Amino acid sequence: MSHGHTRLLFIPVSGPRGMGEYARAIAIATAAVQRWPRIEVRFALSRGAAYAAETPFQATFLPSSPTFHSREVAALIRDFKPTIVLFDNAGRTSQLRAAVAGGARTVFISSRPKQRRRAFRLRWMRLLDEHWIAYPQFIAGAPDGIERLKLLLLGRPTVRFLDAVLPQADAQLASSVMARFGVRAGEYVLVVPGGGTGHPGALAAPQVVAEAARRIALRSYPTILVGVTPQGARYAPPAEDLKLAPRLPIAMVSELVRGARLVISNGGDTMLQALACRRACVAVPIARDQAYRIKRCVRAGLVASARLDAADLERVALGMLEPDGARAPQDAHAAGLGSTAVANGIDAALAAIESLARLDEPEARRSPRLRPVPSAPGGPAARVDARAISAPRFLFLPVSGPHGMGEYARALQIAQSVAVRWPTAQIHFALSREAPYETDPAFAYTMLPSSPTFHTPEVIALIERIRPDVVVFDNAGRTAQLRAAWRIGARVIYVSARARQRRKAFRLRWMSLIDEHWFAYPELLAGPLNAVETLKLRWMGRPLLRYLDVMLPPPDPQAAAAILQRLDLSTKPYVLVVPGGGTGHPGARDAVQVFAAAAQALAARGIATVLVASANGETLALPTALHTLPRLPLIELAALMRRARLVIANGGSTLLQAIACHAPCIGVSIAKDQAKRVRQCAEAGLALAATLNSASIVSVATSLIDNESARVALAHRAGDLQLADGLGIALAAIENLLGRPIAP
């Protein structure tokens with residue numbers, strides 16, 4: 001496995017007081033480098049932190065904690081281009097947004113109620129991939145009703161409880177550090193006041209704990225005091241059994257914790273590390289947030305508590321150390337840890353990093369997960385300077401079945417354009433085996449019993465197997481399917497062509513999982529954003545919206561000349577009749593026959609007519625003026641549309657394509673969702689409407705054929721509409737999602 005391009009950026013709270021967040025970040029970073037030696041690690045720290053100069057990793061130093069320096073943090077993210085950014089009790093919305101815009105996965109670690117509440121704000125939830133709660137669930141509390149509701153609505157981020165974080169056991173290091181202090185496992189008391197700095201309201205706490213350590217040592221118990229400052233040395237003068245240690249690397253402290261007979265600590269991370277190592281512990285609160293934490297552990301029978309007073313600390317510690325004391329260390333271990341275990345969360349953290357950075361894949365199959373955030377609803381996405389993906393993987397999941405083929409036709413057009421743009425792309429479709437579509441031999445297909453929407457286990461298995469970079473759902477999909485794509489790091493596109501699917505895509509839960517939402521029709525037909533949609537977009541800040549208008553290849557004179565010559569229509573006016581995909585819709589199963597009968601009637605009048613339809617129903621006797629063709633490639637169909645005297649089409653994508661070709665059109669609704677579309681086009685003066693009846697179609701067609709000025713007016717209004725090239729829009733969006741710069 002190669003992981004040379006993986007970069008981790010740690011942004012812990014840092015400053016002159018406390019070091020729990022920094023210690024946790026160092027433990028995770030060190031373990032990550034040990035597991036994946038080639039990853040790059042960088043920290044952002046306050047230069048006022050006493051430990052800043054000792055960090056073993058490359059660091060950017062700021063005037064104070066990173067939370068207060070958003071501009072510098074954003075610049076660091078742009079320059080370093082991290083794969084994952086881990087914020088530990090730190091960060092601003094703009095910093096998270098900068099990480100997301102740069103393509104990074106984001107992790108937020110909370111260890112206090114205030115930070116937890118921030119991470120459960122909807123604005124933050126949509127920007128976070130994972131939220132790690134830095135204490136066990138019995139201390140931090142399970143997600144409450146509101147938190148569960150928000151998670152249910154958004155489907156993100158992944159929430160994990162990291163009970164304690166400390167390096168894995170290292171026997172060689174343990175032997176070395178104990179030899180350094182002249183102690184043996186199970187025979188000494190370890191005293192760790194904290195980061196060696198006072199907290200507001202407890203500025204003398206390290207010295208108070210140091211004095212307690214001195215008193216315990218005077219009772220002939222070997223004692224190691226870690227992190228004593230020069231001021232603290234005056235309060236804890238050397239005693240024969242007292243060993244003074246400077247601030248130690250967390251790996252050394254962890255080995256001392258594992259070997260201790262008793263650990264005396266504050267109510268922060270060291271207490272939990274002692275519990276994770278199954279050590280007896282006396283805890284004293286030295287910061288406001290620690291009192292509640294200690295109280296929960298005492299109730300669970302995991303620790304003994306003492307006041308921040310040297311005499312009381314000595315009394316409680318001796319009570320646990322002396323044979324006739326109230327509780328022996330091994331009794332404390334048995335009483336508490338059997339029922340409420342505290343686990344080492346380092347493995348969970350590394351597993352999450354592995355999944356987020358996709359380190360479980362070969363590098364050739366990995367791609368950066370790039371997530372540009374729109375500056376405004378529907379506005380342009382943030383440009384991303386990232387490595388292009390030479391062989392991207394695409395999965396198309398269009399609605400498919402025995403009726404209709406608009407979604408598949410649209411997906412196929414995009415896929416074919418993608419294959420031209422990225423010749424080495426791997427393109428896969430999942431379709432219903434009931435669908436009578438012609439497959440493209442250049443693409444892979446997974447055939448399902450029915451439309452992909454109804455086969456979630458199979459779709460999830462397919463996503464996890466091929467691990468696509470981009471998944472395109474076209475009017476299809478379930479929440480679980482979207483979540484599976486999001487979970488493996490794919491970019492998610494949802495295409496809606498109907499009002500119901502549009503409403504689904506605007507559910508908050510879906511909006512958090514979708515990177516782009518494409519409307520399959522122009523704004524004139526699909527409609528602008530309503531007030532609720534606008535409010536949701538402003539609230540969520542995603543997904544990016546695009547109107548695809550119409551999927552149409554550019555004019556190809558050579559293809560046009562070839563098809564017209566084949567039909568002997570190079571100099572003759574003709575009517576083009578296109579009923580659709582050749583499959584019946586519920587309530588209009590004979591649509592193709594109705595169109596064919598109308599085409600036959602027009603040809604019988606001597607009007608040159610081209611019918612584009614697959615064989616469907618009984619064979620008709622063909623007048624000499626009628627030309628029948630099977631389903632055509634879009635480039636040839638578009639060529640016929642551009643030269644047609646009149647186009648008669650269903651109310652789906654074909655009607656929009658004909659209008660985009662500036663052809664006079666008649667729209668005929670053959671499906672429930674098409675009636676409104678045909679009516680809108682008629683009201684806008686872009687087409688005339690006819691009912692699904694051959695006589696009605698012929699009547700409207702002949703009146704239009706006989707009225708040249710009406711045909712010219714329709715063509716002019718179609719030209720004035722200036723429909724955009726949906727294929728170009730789709731390709732530009734995909735290029736941006738993959739991080740490939742768009743050529744000028």
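At what angle do helix α8 and helix α11 pack, and how far apart are their axes? In this predicted model, helix α8, formed by residues 171–181, packs against helix α11, formed by residues 250–259, at an angle of about 80°, and their axes are 9 Å apart. Because angles of 65 to 115 degrees count as roughly perpendicular, α8 is described as roughly perpendicular to α11. On the side of α8, the contact is made by Leu173, Ala174, Val177, Met178, Arg180 and Phe181, while α11 contributes Ala251, Met252, Glu255, Leu256 and Gly259. Sorted by class, the residues of this contact comprise eight that are nonpolar, one that is polar and two that are charged.

Helix α1 covers residues 20–35, a run of 16 residues, and from its first C-alpha to its last it reaches 23 Å, which is close to the 22 Å expected at 1.5 Å a residue. The buried residues of this helix are Glu21, Tyr22, Ala23, Arg24, Ala25, Ile26, Ala27, Ile28, Ala29, Ala31 and Ala32.

A further position examined was Gln290, which lies in helix α13, a helix of residues 290–299. Gln290 has a relative accessible area of 6% and is therefore buried, since the term applies to values under 20%. When its neighbours within four places in sequence are left aside, Gln290 is in contact with Asn266, Gly267, Gly268, Val284 and Pro285. The side chain of Gln290 also reaches the backbone nitrogen of Ile286, at 3.1 Å. Although Gln290 and Arg112 are 178 residues apart along the chain, their C-alpha atoms are separated by 9.5 Å.

Conventions. Residues numbered from 1 in each chain as written. Predicted model: local features only at pLDDT ≥ 70, side-chain atom pairs only at ≥ 80, totals over all residues. Heavy atoms only, no water. Helix = DSSP H or I, 4+ residues; strand = E, 2+ residues; numbered from the N terminus. Buried < 20%, exposed > 50% of the residue type's maximum accessible area, 1.4 Å probe, protein only. Contact = heavy atoms within 4.5 Å. Polar contact = N/O pair within 3.5 Å; in protein donor to acceptor, adjacent residues only side chain to side chain. Expected span 1.5 Å × (residues − 1). Axes fitted to C-alpha atoms, helices over the stretch in contact; angles between N-to-C directions. Parallel < 35°, antiparallel > 145°, perpendicular 65-115°, else oblique. Nonpolar A, V, L, I, M, F, W, Y, C, P; charged D, E, K, R; others polar.
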